[in-house]
Amino acid sequence: MFNISKLKEILVLYKGKFASEQWPNEKYKWEAVKCFRDNWNINAPDFADMLTRSLSKTRNLLASSNNFPAETLRSFSKAAPEEVRAMFIDLFDERNDVVSRILGFKAKAAELLEKYGNGAGQHYQYENAVSTYLWLHFPDKYYIYRYSDVKTVSETLGSEYLFKKGAYADNLRNFYALYDEIRAEIQKDTGLTDMLRSLTDSECYLDDSLCTLTMDVCFFTSRVLGAPKQPVKISGLPAENSEPAEEPTETETESNAEKYDKAAFLNEVYMTESKYGSLAAVLKNKKNIILQGAPGVGKTFAAKRLAYSVMGEKDDGRIEFVQFHQNYSYEDFMMGYKPVNDGFELKYGIFYRFCRKAESRPDKAFFFIIDEINRGNLSKIFGELLMLIERGYRGTKATLAYNGLDFSVPENLYIIGMMNTADRSLAMIDYALRRRFSFFEIEPGFDSEGFVKYRRSLGSETLDLLISKIQELNNEISLDRSLGKGFCIGHSYFCGQTECTDEWLRTVVDYDILPMLGEYWFDDPDRLRRWENILHGVFQ
């Protein structure tokens, strides 16, 4: 037995780092298992080649610190393939005691060293390496043994199992028993297991039994929370101390991302300060907002920078972007069965995975941005999320139809949608979804302080005159009963330049603005011709 409360404290720390640090650094373990299982064939004619391919993704698990078990084993398999094949047949024979099999493999490796070692001093096939082969072949049952790790884990959790140097058989038996007990407790943590499922992709072994996850939790416990003699910093995690590490402070986890605030937003997004204040307040209050507006007002550009400004920094790792279309489905968004080889496999969608990522860092704001939100079949895409995304139901769990597991949308996740109000080919947005979003009109920012400053920096009289005509055009569009302000011409058509030429401005007029007016007034050629003359007259 061990201290279960201590394990639960460790799991809180582990989950807090899982998506952002632990998984990116340790995902290769799940990939190594899949690679091994995809390539392993004990009866392969070319055993050495098969072995090389099977172990190709093990990375430092079998090659570290001047210890090269994989390379040595490959050399043995080339010199004596049938002897090495026989070693693996014996190792994987589950009819025999696991400890006897590990020690037997180690003993046979010593015999191969004498025959084919060419004067080498070691064979490197010790308990750590041999247990790795067992784990790769039986990932639902075994773990990787490392004496220093398991000893530290046992001491940290206050377990009754003892580990002594040189007591190989006892250490292995205690190791498997302790890790099995830890795994039994980890299996109860549905939040952690859901996080693992959401991040596991087709390149990874599914780890349904959670053996590899248990092994990684213990690795985390040993290397991050253990007590080595010298402080060690691994994978960006806090240095190990003589006492179990406390949860890191804000300064310890501070990002290196570039700072971003309201001033930076207003410098890039041409909006008045008061309007930005309203926009940020609405987003923080409602958690779901749709930026709607005419073409060219910079909705997509503004959405990402709105997220930056609320975060206080440019951290793209906390932003996800997707664009809806008519064929976009719940299976793409949340989860669904997708064809894999000869069958079907449950795959998690982009929103599901992002929610789990946000859930792992509750102290940080995350932003899910949806472009062209009204182009999709929203009821079909969101499904039961229509309730869960609502602010009042954030954190409330609901049972998902596909996997029967509980799911909730975390409170630190914000949704920003964009909608083009001038696209008449689109149906009205679903009223059930409309109730759950606030709608914020993004207007042309020609009069904003930022755009005026930008326009003056270009020093173009032609641009100044053209902008004045565009503003007159927008007034007429706003008063047109068949159009309205949602069809105005946005400022972004004239942005992003360091110098302004008449040639460029004429291109904007001829290939962006006039074609759009042609759609607006397809039944009023006289008005279209009048505005064509007005805009072309700017260049006379």
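A pocket here is an open set of points on a 1 Å grid over the protein atoms alone, with protein on both sides within 12 Å along at least five of seven lines; lining residues have an atom within 4 Å of a point. Grid points are joined across faces, edges and corners, and a volume is the space filled by probe spheres set on the points.

Before I use that: this is a predicted model, where local features need pLDDT of at least 70 and side-chain atom pairs count only at pLDDT 80 or more, while totals for chains, interfaces and linings use all residues. Residues are numbered from 1 along each chain as its sequence is written, and side-chain values use heavy atoms, with hydrogens and water left out.

The second largest pocket, then. Its volume is about 540 Å³. There are 22 lining residues, and Arg-197, Ser-198, Leu-199, Thr-200 and Arg-353 lie nearest the centre. At least two lining residues come from each of α1, α10 (190-199), β4 (343-348) and α16 (350-359). Helices (H or I, at least four residues) and strands (E, at least two) are DSSP runs, numbered from the N terminus.

Next, the cores. A nonpolar core is a set of buried Ala, Val, Leu, Ile, Met, Phe, Trp, Tyr and Cys residues joined through side-chain atoms within 4.5 Å. Buried means under 20% relative accessible area, with a 1.4 Å probe and protein chains only. The largest core has 75 residues, and among those touching the most other members are Phe-88, Tyr-133 and Tyr-179. Helix α1 (residues 4-26) gives the largest share of this core, 8 residues. A second, separate core holds 60 residues, including Val-269 and Met-516.

What does Tyr-179 touch, leaving out residues up to four places away in sequence? The partners are Tyr-143, Val-150, Val-153, Thr-214, Met-215 and Cys-218, with contact meaning heavy atoms within 4.5 Å. Val-150 and Val-153 are also among the buried residues of helix α8 (residues 147-156).

Last, the rings. Phe, Tyr and Trp rings (for Trp, the six-membered one) pair if their centres lie within 6.5 Å; planes under 30 degrees apart are stacked, over 60 edge-to-face, the rest tilted. The count is 43 aromatic pairs. One of them, Phe-324 with Phe-382, is edge-to-face, at 6.2 Å centre to centre and 75 degrees between the planes. Phe-324 sits in the loop between β2 (319-323) and α15 (330-333) and Phe-382 in helix α17 (residues 378-382), so the pair ties together parts 58 residues apart in sequence. Phe-324 is buried, at 1% relative accessibility, and Phe-382 is buried, at 0%.

Terms used
Buried means under 20% relative accessible area, exposed over 50%, partly exposed in between (1.4 Å probe, protein chains only). On a 1 Å grid over the protein atoms alone, a cavity is a set of points where a 1.4 Å probe fits but cannot get out, and a pocket is an open set with protein on both sides within 12 Å along at least five of seven lines; lining residues have an atom within 4 Å of a point.
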